[in-house]
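This report describes selected features of a protein chain and its ligand. The sequence and structure are shown first, and the discussion follows.

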Amino acid sequence: MPPVLVSIESGVLTATLNRPEKLNAFNSEMHNLLREALERATDDPGVRALLLTGAGRGFCAGQDLSERDMRAGAAPIDLSVSLGSNYNPLVRRLRALPKPIVCAVNGVAAGAGANVALACDIVLAARSASFVQAFAKIGLIPDSGGTYFLPHLVGMARAMGLALLGEHLSAEDAERWGLIWKAVDDDDLLPEATDLARAFAAGPTRVYGLLKKAMYASEGNLLDAQLDLERDLQREAGFSEDYREGVSAFMQKRAPKFKGK
Ligand code: LHQ
């Protein structure tokens with residue numbers, strides 16, 4: 001079985017990390033297939049939303065630790081190569097994808113696996129799932145955006161605790177802390193995440209892309225720059241067919257039929 005399963009239905013591209021015996025830890029083939037899936041999600045106009053999840057009892061355990069020779073005397077490994085060629089492009093791609101990304105965290109999300117989930121736009125997690133910044137436990141610092149996402153999402157005190165202690169944070173606490181959108185009952189996770197992704201795929205998806213751009217740009221902008229950006233992106237939204245349709249549907253008291261244009 002390929003380490004990433006891809007299917008497209010109702011405008012949603014679902015990418016399922018699929019190395020369940022290793023809790024879907026990343027190897028290079030998984031990176032390659034996920035990159036291809038994200039490229040397809042970006043380029044295919046029939047894809048209007050993305051759903052990312054994992055097969056089996058885990059979401060993703062980060063880097064496959066069994067791939068590296070850590071014996072005494074083995075050549076030291078330059079981890080910046082793997083971050084530069086795989087993890088950083090993945091996080092950048094997720095953030096820049098001009099379509100909404102729903103992440104359904106079906107089980108434990110550890111190391112880079114946790115931070116890849118946090119790079120998605122809306123994170124739902126099964127109540128039995130947990131988030132673990134496992135890095136310090138193996139002598140590393142959080143990567144794949146961890147040192148950025150955590151302080152932004154939950155504040156420095158909690159970010160530091162999560163990173164230094166590497167303890168499991170339950171899905172419910174993750175919701176309570178504002179790390180994720182929602183914790184749901186295990187059996188409801190995939191149906192709820194799929195419904196959400198399908199609703200996005202039937203929504204004004206081009207405008208969602210602009211919304212993502214504005215929202216994420218705010219993390220590096222002061223209010224003045226953000227107001228200018230909103231003005232420019234709203235101009236673009238205002239020229240969209242979906243804006244015309246949204247207002248017409250509202251005035252005619254009917255459901256809008258958005259095309260993502
Ligand atoms: C695994 C893994 C795994 C291989 C579970 N690899 N087999 C980026 C760039 C460059 C370099 C370095 O790093 C990075 C980013 C990173 O992601 S570094 C952080 C890597 N991840 C971790 O440190 C997490 C390691 N895993 C765990 O701590 C636990 O497995 C968690 C907490 C995820 C789950 O614990 P359990 O539910 O108790 O499951 P388990 O430990 O029994 O794992 C089940 C199997 O999966 C087991 O194999 P086995 O053959 O014994 O059944 C594990 O060896 C395997 N597995 N994670 N990352």
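Does E219 count as buried, exposed or partly exposed? At 31% relative accessibility, E219 counts as partly exposed, where buried means under 20% relative accessible area, exposed over 50%, and partly exposed in between (1.4 Å probe, protein chains only).

## Basis of the model

The model is predicted: local features need pLDDT of at least 70, side-chain atom pairs count only at pLDDT 80 or more, and totals for chains, interfaces and linings use all residues. Residues are numbered from 1 along each chain as its sequence is written, and side-chain values use heavy atoms, with hydrogens and water left out.

Helices (H or I, at least four residues) and strands (E, at least two) are DSSP runs, numbered from the N terminus.

## Surroundings of the ligand

The ligand has 25 residues around it, of which R57, A61, Q63, L65 and A112 come nearest; a residue is near a molecule or strand if one of its heavy atoms lies within 4 Å of it. By class, this shell has 14 nonpolar, five polar and six charged residues. In this classification, Ala, Val, Leu, Ile, Met, Phe, Trp, Tyr, Cys and Pro count as nonpolar, Asp, Glu, Lys and Arg as charged, and the others, Gly among them, as polar.

A nitrogen atom of the ligand is 2.9 Å from a backbone N or O atom of A61, and a polar backbone atom of Q63 lies 2.8 Å from a nitrogen atom of the ligand. At A112, a backbone N or O atom is 2.9 Å from an oxygen atom of the ligand. On its own the ligand has 1000 Å² of accessible area, and the protein covers 65% of this; accessible areas come from the Shrake-Rupley method with a 1.4 Å probe, and for residues only the protein chains shown count as cover. The elements that give two or more residues to the shell are α2 and β6 (108–110). With four residues, α2 gives the most.

## L65 and a nonpolar patch

L65 is found in the loop between β4 (58–60) and α2 (79–96). This residue is exposed, with a relative accessible area of 54%. Together with M70, I77, L79, I138 and L140, L65 makes a nonpolar surface patch of about 550 Å². Patches are made of residues with over 30% relative accessible area and no salt bridge; like charges are joined within 9 Å, and nonpolar side chains (Val, Leu, Ile, Met, Phe, Trp, Tyr) within 5 Å.

## Salt bridges

Side chains of opposite charge can pair when their charged atoms come close. A salt bridge is a side-chain nitrogen of Lys or Arg within 4 Å of a carboxyl oxygen of Asp or Glu, and by this rule the count comes to 15. In one of them, R95 pairs with E219, with the closest N and O atoms 3.4 Å apart. This pair links distant parts of the chain: R95 is in helix α2 and E219 in the loop between α8 (205–217) and α9 (223–238), 124 residues apart. R95 is buried, at a relative accessible area of 19%, whereas E219 is partly exposed.

D185 and R127 meet in another salt bridge, at 2.7 Å from N to O. The two residues are 58 residues apart, with D185 in the loop between β10 (182–184) and α7 (189–201) and R127 in the loop between β7 (122–126) and β8 (130–132). Both count as partly exposed, D185 at 39% relative accessibility and R127 at 36%. A salt bridge also joins K182 and E192, whose closest N and O atoms are 3.0 Å apart. K182 is in strand β10 and E192 in helix α7, 10 residues apart. K182 is partly exposed at 33% relative accessibility, as is E192 at 29%. Salt bridges that share partners join R19, K22 and D64 into one network.

## N24 and D43

N24 lies in the loop between β2 (12–17) and α1 and is buried, at 0% relative accessibility. A polar atom of the N24 side chain lies 2.9 Å from the backbone oxygen of G58. The N24 side chain also reaches the backbone oxygen of F59, at 3.1 Å.

D43 has its place in helix α1 (residues 28–43) and counts as exposed at 60% relative accessibility. D43 and L97 are 54 residues apart in sequence, while their C-alpha atoms are 9.8 Å apart in space.

Note on methods
Polar contact = N/O pair within 3.5 Å; in protein donor to acceptor, adjacent residues only side chain to side chain.
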